[in-house]
Amino acid sequence: MSRLILVLGDQLTEEIAALREADRGSDVVVMAEVADEASYVPHHPKKIAFLFAAMRKFAARLKEDGWDVRYTRLDDDDNAGSITGELLRRAEETGASEIIATEPGEWRLIEALGEMPLTVRMIEDNRFLASHAEFDDWAEDRKELRMEWFYRQMRRKTGYLMDGEDPEGGKWNYDHDNRKPAPGDVDFSGPMQFTPDEVVEEVLDLVEKRFGDNFGTLRPFWFATEPGQARRALSHFISGGLAKFGDFQDAMLEKDNFLSHSVLSMYINAGLLDWREVCDAVQAAYDAGDVPLNAAEGFIRQIIGWREYMRGIYYREGPDYTRRNVLNHQRKLPWFYWGGETDMNCIAHAVAETRDEAYAHHIQRLMVTGNFALLAGIDPAEVHEWYLAVYADAYEWVEAPNVIGMSQFADGGIVGSKPYISSGNYIAKMSDYCGGCAYDVKQKTGEGACPFNLLYWAFMERHRERFEKNPRMAQMYRTWDRMDEAKRETVLSEAEDFLERMSRGDRV
Ligand code: FAD
Ligand code: DLZ
Ligand code: SF4
């Protein structure tokens with residue numbers, strides 16, 4: 001009897017675990033565009049279009065290769081509306097009683113599959129370097145799960161940038177060389193862009209009709225939607241962007257949305273590119289002498305370090321991770337995250353880029369929108385939903401540890417040893433946003449003072465009990481305590497006033 005092989009929208013590779021277990025002669029592949037997946041958060045239209053187009057093309061390739069693929073389009077009359085509904089419908093149609101699935105990247109779907117009235121065999125996703133067991137082994141009995149130690153293990157395991165037992169160049173991590181402020185301009189032309197073909201155009205029309213009101217601009221649409229294109233985007237980055245990736249990894253420029261970032265995460269996460277292929281290409285560029293060590297190491301660390309580590313945390317911490325809120329932050333996410341107006345140029349710029357591209361680079365996510373949400377005491381569940389919705393690369397397994405853990409410290413310090421907070425100074429140093437801002441980054445209080453400056457100290461004071469003893473924050477508490485008392489009171493009351501005005505919906 002045939003079995004159903006589930007392939008989800010972010011599992012688009014012939015190498016995916018469930019397909020490797022399947023029998024091309026007798027099993028039936030199930031793929032479905034469904035309303036539930038497209039609307040459990042209001043995804044950016046570009047994200048939906050990217051996945052639907054890539055799914056349709058993948059299904060066509062499988063069919064050409066001789067698979068029996070049952071593909072449901074969003075507007076098909078008999079579309080059951082959910083992944084589990086589609087599986088049930090296909091089970092009835094084919095008489096199959098067993099489903100083979102690759103473990104989904106969100107607990108929500110893992111649980112739904114687990115509750116189905118059919119036998120579901122869930123196989124761990126094989127697209128990662130570290131299995132759950134390996135991560136748990138590493139994490140077991142450690143007091144702190146710091147990424148750096150996990151990363152070193154992954155370097156040894158893969159042999160990337162290794163000189164025998166030692167790291168290439170003598171150091172494991174060149175992060176300190178990767179914090180150069182924004183240059184005047186960058187000579188990388190940005191990610192490779194692709195003209196929509198017929199399949200993509202058809203999907204764009206559908207998405208426009210069904211999701212046109214979601215936050216985010218659909219057209220122009222330039223993403224790769226098949227592996228060959230994604231590979232070309234990778235080569236383009238390796239030859240044009242990688243060399244500068246290290247130096248300007250943390251920089252932000254108003255007129256350049258991408259700087260030297262690869263813009264490959266959406267392709268890697270959806271299965272169009274394999275992490276190994278990406279890292280091999282980086283290692284080869286380094287071996288050929290085309291890129292410096294700090295660039296190659298910085299990039300490889302993001303993939304075999306941060307990316308793998310985040311996944312490990314998500315599955316280890318379990319389904320309640322997205323509801324953690326140790327700082328008890330309750331404020332609603334301000335309207336300007338969804339495109340409302342704000343005078344804060346850094347936020348306005350990061351949100352506009354997010355709206356236009358379904359993309360913002362790491363430091364914009366962490367030190368602009370993330371930093372502000374944390375300083376302003378926004379409910380981390382709302383912050384999490386926003387990030388999950390607006391970025392083309394967002395699935396909970398990678399988004400939640402970045403947001404709940406790294407960015408909002410809502411997990412109490414599992415991912416980070418201290419919260420990622422900064423006043424306006426950091427943004428002024430790393431970007432050119434402050435020059436064009438209605439606020440003055442140098443001003444600490446009074447009319448026109450940068451809100452980050454006020455909120456930074458208000459956050460420190462609000463959470464004194466938790467962070468005062470943190471050795472990495474003690475110096476800042478000493479600076480705050482040395483300030484004149486009247487000034488401290490002014491800072492706190494102006495911060496409070498700012499937050500009240502923001503929550504009332506005034507333009508801030
Ligand atoms: P590059 O800067 O070129 O980095 C290279 C690759 O490294 C990326 O493609 C990605 O695969 C990997 N990578 C880098 N940093 C991380 C990280 N912290 N965690 C996991 N992988 C990483 N990444 C996602 O893939 N999906 C998300 O939903 C997501 N949400 C985030 C939310 C917040 C608040 C923060 C601070 C970070 C988030 N990240 C997320 C991580 C990172 O910002 C993105 O991976 C990166 O910006 C993608 O752009 P890029 O491909 O140009 O990356
Ligand atoms: C994100 C997404 C969207 C928008 N739509 C679909 C879909 O219609 N069908 C599908 O199989 N997958 C979709 N996805 C990706 C899933 O939401 C993703 O597989 C889970 O969140 C687990 O990572
Ligand atoms: Fe952002 Fe403050 Fe700079 Fe304005 S002055 S761009 S609010 S950091």
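**Entry 1: the end of helix 22**

Helices here are DSSP runs of H or I with at least four residues, numbered from the N terminus. I note that this is a predicted model, in which local features need pLDDT of at least 70, side-chain atom pairs count only at pLDDT 80 or more, and totals for chains, interfaces and linings use all residues. Residues are numbered from 1 along each chain as its sequence is written, chains are lettered from A and ligands numbered from 1 in the order in which they are written, and side-chain values use heavy atoms, with hydrogens and water left out.

At the N-terminal end of helix 22 I found a cap: a side-chain oxygen of D484 lies 3.2 Å from the backbone nitrogen of A486.

I then checked the length. Helix 22 has 20 residues (485-504), which at 1.5 Å a residue should span 28 Å, and the 29 Å between its end C-alpha atoms agrees. The expected span is 1.5 Å times one less than the number of residues.

Which residues of helix 22 are buried? I listed V491, A495, F498, L499 and M502. They sit on the same side of helix 22, because they cover an arc of only 95 degrees around the axis. The arc is taken from the directions from the helix axis to the C-beta atoms. An α-helix has 3.6 residues a turn, so residues three or four places apart point the same way.

On the other side of helix 22, I found E485 and R504 exposed. For these words I use relative accessible area: buried is under 20%, exposed is over 50%, and partly exposed is in between (1.4 Å probe, protein chains only).

The buried residues of helix 22 pack against helix 15 (362-375), helix 19 (451-462) and helix 21 (474-482). Contact means heavy atoms within 4.5 Å.

**Entry 2: helix 21**

I turned to helix 21, whose buried residues are A474, Y477 and W480. Their arc around the axis is only 120 degrees, which puts them on the same side of helix 21. They pack against helix 19, helix 20 (464-467) and helix 22.

**Entry 3: helix 17**

How many of the twelve residues of helix 17 are buried? I counted eleven, so helix 17 is mostly covered. Among the buried residues are W397, P401, I404 and M406. The cover includes helix 5 (107-114), helix 11 (265-270), helix 13, helix 15 and helix 16 (380-390).

Just after helix 17, F409 takes a positive phi of about 50 degrees.

I looked up N371 in helix 15. N371 is buried, with a relative accessible area of 0%. N371 and I421 are 50 residues apart in sequence, yet their C-alpha atoms are 5.4 Å apart in space. Leaving aside neighbours within four places in sequence, N371 is in contact with L366, Y420, I421, S422 and F452.

S422 lies in the loop between helix 17 and helix 18 (424-430). S422 counts as buried at 8% relative accessibility. Its side chain makes a polar contact with the side chain of N371 (3.1 Å). A polar contact is a pair of N or O atoms within 3.5 Å; within protein, one must be able to donate a hydrogen and the other to accept it, and residues adjacent in sequence count only if both atoms are side-chain atoms.

Where is D343 found? I placed D343 in the loop between helix 13 and helix 14 (345-357). D343 is partly exposed, with a relative accessible area of 26%. The side chains of D343 and R507 make a polar contact (2.8 Å). Other residues in contact with D343 include C437, A438, Y439 and V508.

R311 lies in helix 13 (residues 293-317). With a relative accessible area of 3%, R311 is buried. Not counting residues up to four places away in sequence, R311 touches E103, E124, D125, F128, A130, H132 and W397.

**Entry 4: domains**

The domain assignment, which is automatic or from a database, gives domain 1 (4-123), domain 2 (132-190 + 241-310) and domain 3 (335-504). The C-alpha centres of domain 1 and domain 2 lie 32 Å apart. Their contact takes nine residues from domain 1 and seven residues from domain 2. I noted about 500 Å² buried between them, 62% of it on carbon and sulfur atoms. Buried area is the accessible area (1.4 Å probe) that two parts lose on being put together, summed over both.

Key: Helix = DSSP H or I, 4+ residues; strand = E, 2+ residues; numbered from the N terminus.
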